[in-house]
2 protein chains.
Amino acid sequence: MSGWVKIAGLGPGADDLVTPEVQVALADATDVVGYIPYVARVAERPGLTLHPSDNRVEIDRSRHALEMAAEGRRVVVVSSGDPGVFAMAAAVFEAVEAGPVDWRNLQIEVLPGITAMLAAAARAGAPLGHDFCAINLSDNLKPWALIEKRLRLAAEADFAMAFYNPRSKSRPEGFVRTLEILNEACGDSRPVIFARAVSTPQEEIRVVPLPDCTPEMADMRTMVLVGSSTTRIIERDGAPIVYTPRSAP
Amino acid sequence: MSGWVKIAGLGPGADDLVTPEVQVALADATDVVGYIPYVARVAERPGLTLHPSDNRVEIDRSRHALEMAAEGRRVVVVSSGDPGVFAMAAAVFEAVEAGPVDWRNLQIEVLPGITAMLAAAARAGAPLGHDFCAINLSDNLKPWALIEKRLRLAAEADFAMAFYNPRSKSRPEGFVRTLEILNEACGDSRPVIFARAVSTPQEEIRVVPLPDCTPEMADMRTMVLVGSSTTRIIERDGAPIVYTPRSAP
């Protein structure tokens, strides 16, 4: 029996945002590997071995998955959101490229999922309804200068922006700087959405004008979405609707 | 009984990429509105009225959905992919903003879906595994000069890029120009992915070095993904894997 690796996106948290394709892969798997809180979302059953591992060991985890598949096991690598967006798919392919040539001909599939920015956008309205960009604000794997350059160019291009990993305890200064750059480059009161733990019981959505944003509004469970210059707010009873019209002047 | 509007993403085409959340909404609906080919993906059943409409009548369709919800009906507005990405959610909110004040307090929800760029990326590997942008190449609703500006800035920011609506019969020249700009601005042989009709029986994926791309490789059913300067190809038997590493120099 030939093994495989499926790199699957579990979506942002709610079970009803997991695609049937991913559910079938999990039902067929012999092994599930991934970061502890994501593996915890997979139900245990006879015949399935769960391999939770810590954060920042993405390449070790990927190698482990590939080794097991080479031995004939059916391995699901779980990510939250979509595995192709700041998640496990790139890590697995990095391991494939650096690994034994045989790994290249393993059956490896990526199963897409609902990525956090789209779940967050849906809750707020349609802030990404026009051209936009997605930037990982963590400088663990890239120089901060590159992030800063991208922020400035994204503002100049008038993209709406989605920020993954906006702020962690170990690097609180990056998001401080991000807000400074955005205020300088945008110079307006466009809406910023702080969407925390979307689709989970801890979900919290705040809409804040850019000049009023403060760093502690974000943590590692928060997606930050920044409107473009054309993004609009519809006030109503309860939470406002934030959307970016389809047309631009 | 109070009505609602749910703006739902059907994903790129395959049934197993439709979330359970969207399936439940369709099962609860009294009415489904949307562009003809998307409404055709919804199974008929007693108690459900399908309202297919033609392309380019997004605001009329939105008003119709909102009017029905105001009358107490349960209306699903269907989009392919994700409704918040170059799809119906922004159109519905445009109609809400321009419409009677009462519409603002209707129950309106956006149900996210698997957007085309992420389904296409999954098929190719992980080309959007690092910072990226999404640009609608249609100039129906924005000036071509703005598209051109965004392309140049996106290349300068070294984003991977995802292009929606790259080319139609009525505006074939835009994608010709896009390729010229990219060749000029990127000046390398980064991989470009042409992903047509992803997850349908007509699916076709091609990976082509940027200088070898020609306009007719894309049509309106094609997602075009352009790598960043760091995007890599893993050659193997069959289709190559295209991925963008998580780290950048």
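This is a predicted model: local features need pLDDT of at least 70, side-chain atom pairs count only at pLDDT 80 or more; totals for chains, interfaces and linings use all residues.
Let's begin with the interface. On the chain B side, 58 residues are in contact with 58 residues of chain A. If you want to know which element of chain B gives the largest share of that surface, look at helix α4 (residues 88–98), with 7 residues.

Strand β7 (residues 132–136) of chain A and strand β7 (residues 132–136) of chain B run antiparallel and are joined by 3 bridges. To find your place there, note that A:Ala134 stands opposite B:Phe132.

Now for chain A on its own. Here 3 strands make an open sheet with mixed pairing, in the order β6-β13-β12. β6 (125–126) and β12 (232–234) each have a single partner strand, so one side of each has no neighbour in the sheet. The pairing of β12(A) with β13 (residues 241–243) is antiparallel and has 3 bridges, and A:Arg232 faces A:Tyr243 across it.

Last, the helices. The axes of α3 (residues 58–70) and α4 (residues 88–98) of chain A come within 8 Å and cross at roughly 65 degrees, which means that α3(A) is roughly perpendicular to α4(A). The crossing is right-handed. Among the residues making this contact are A:Ile59, A:Arg63 and A:Leu66 from α3(A), and A:Met88, A:Val92 and A:Glu94 from α4(A). The contact divides into 8 nonpolar, 3 charged and 1 polar residues.

How values were computed: Residues are numbered from 1 along each chain as its sequence is written. Chains are lettered from A and ligands numbered from 1 in the order in which they are written. Two residues are in contact if their C-beta atoms, placed from the backbone, lie within 7 Å. Helices (H or I, at least four residues) and strands (E, at least two) are DSSP runs, numbered from the N terminus. Two strands pair if DSSP finds at least two bridges between them. Axes are lines fitted to C-alpha atoms, for helices over the stretch in contact, and angles run from 0 to 180 degrees between N-to-C directions. Angles under 35 degrees count as roughly parallel, over 145 as roughly antiparallel, 65 to 115 as roughly perpendicular and the rest as oblique. A crossing is left-handed if the near helix is turned anticlockwise from the far one by less than a right angle, and right-handed if clockwise. Ala, Val, Leu, Ile, Met, Phe, Trp, Tyr, Cys and Pro count as nonpolar, Asp, Glu, Lys and Arg as charged, and the others, Gly among them, as polar.
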